Amino acid sequence: MASKKLMMTILWIVFVFLQSCANGKPQVPCLFVFGDSLSDDGNNNNLVTLAKCNYRPYGIDFPKGPTGRFSNGPQLLGFEDYIPPFATARGKEILKGVNYASGAAGIRNETSGQNQGDRISMDRQLKNHETTMSEINRMLGNNHNTTVEYLSKCIYSVAIGSNDYLSNYFLPQYYPTSRLYTQQQYAVVLIDQLSQQLTTLYQYGARKLAVFGLSEIGSIPLERSLCGNGTKGSACVDNINNAAQLFNDRLKSLLSQLNNKLTNATFIFINATEIGATSPSLASMVADVPCCKVSNITGLCKPFGNTCSNRSQYIYWDAIHPTEAMDALFAGRAYKAQSPNDASPFDISHLAQL
């Protein structure tokens, strides 16, 4: 079933929607994005890593061409211009927000390092945000209270954790974590570290935080190919998806705890698995193969390779990341929930209004 084969991109979601309000002004003054390749918009371009895509056919449907976004088209977030990657963000544009996300990044610092190369882990992204905060404070006259008030109105998007499974726990030839922890124990370890990272964001001034759960990461084309066919392959896919659900269950509980613990903070949980499983339009889309010709090593599009002509009918752009069409579908439900299970305690539209 197509809805079971979904992995969403995050770079996306709030852009156009946050722009739609009275007098054409954004609902929030700024957006800060943390995460992995589902959100990266160019931070990996100059790194020594397999996890970058600043080449054709990426960006084939984007006027600016390939910019480092892991998709075929734009991943807008609703301001007049794009939220710049930290790697190139300069001057007053940072007042509208910065994207710190990095392809192959994880909650854990070692994730992807042995098999992908350089990447900017969540801890390093937080250090980069600290640099941005200092610069914003300078722009606002070195007035701490003014800076705190400004940042409290921004939305912070956090979408990370997939690589801690696909490029760590389920790669025993590179990483020992699956020998050190059961799946239940590993979920606890990840959530404990993510809790510290989210608390650090709060201490930096974040008050409106949208945190995304994992989708059924075992169902992406890359993992299905690695798992193989038949009963054994199906069990492999289910095993990965079950591990992701353990993470999601604990993440949702964590965010509820943080809402009760941290004064004036609002954390919302976006349920990627629920949105994927209950979107009827996915049933008619191609879900078992990617749109572009992919590398068997990385799962990314081959440089200057061929692509499908009917991209709006495909769920996956490459063997890992969704198409622009999928981004648009998810954007609607993350921003304005169609089901009580899409987001908790409410969706992004309500978060923006706080």
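**A tour of the sheet**

Begin by selecting Ser157, which stands opposite Ala210 in strand S4. The model on display is predicted.

Next, select residues 208–212, which make up S4, and display them together with S3; these two strands pair in the parallel sense, with four bridges between them.

On the S2 side, the bridge partner of Phe32 is Val98. Selecting residues 97–99 shows S2, which pairs with S1 in the parallel sense over three bridges.

Now keep S1 alone, residues 31–35. Are its residues buried or exposed? Five of the five are buried, and the strand is mostly covered. In a regular strand, side chains alternate between the two faces of the sheet. In S1, Leu31, Val33 and Gly35 lie on one side, Phe32 and Phe34 on the other, and both faces are covered.

Finally, display the sheet as a whole. Six strands form an open sheet of mixed pairing, in the order S2-S1-S3-S4-S5-S6. Select S2 and S6 (343–344) to see the edges: each has a single partner strand, so one side of each is left without a neighbour in the sheet.

Notes. Residues numbered from 1 in each chain as written. Predicted model: local features only at pLDDT ≥ 70, side-chain atom pairs only at ≥ 80, totals over all residues. Heavy atoms only, no water. Buried < 20%, exposed > 50% of the residue type's maximum accessible area, 1.4 Å probe, protein only. Pairing = 2+ DSSP bridges.
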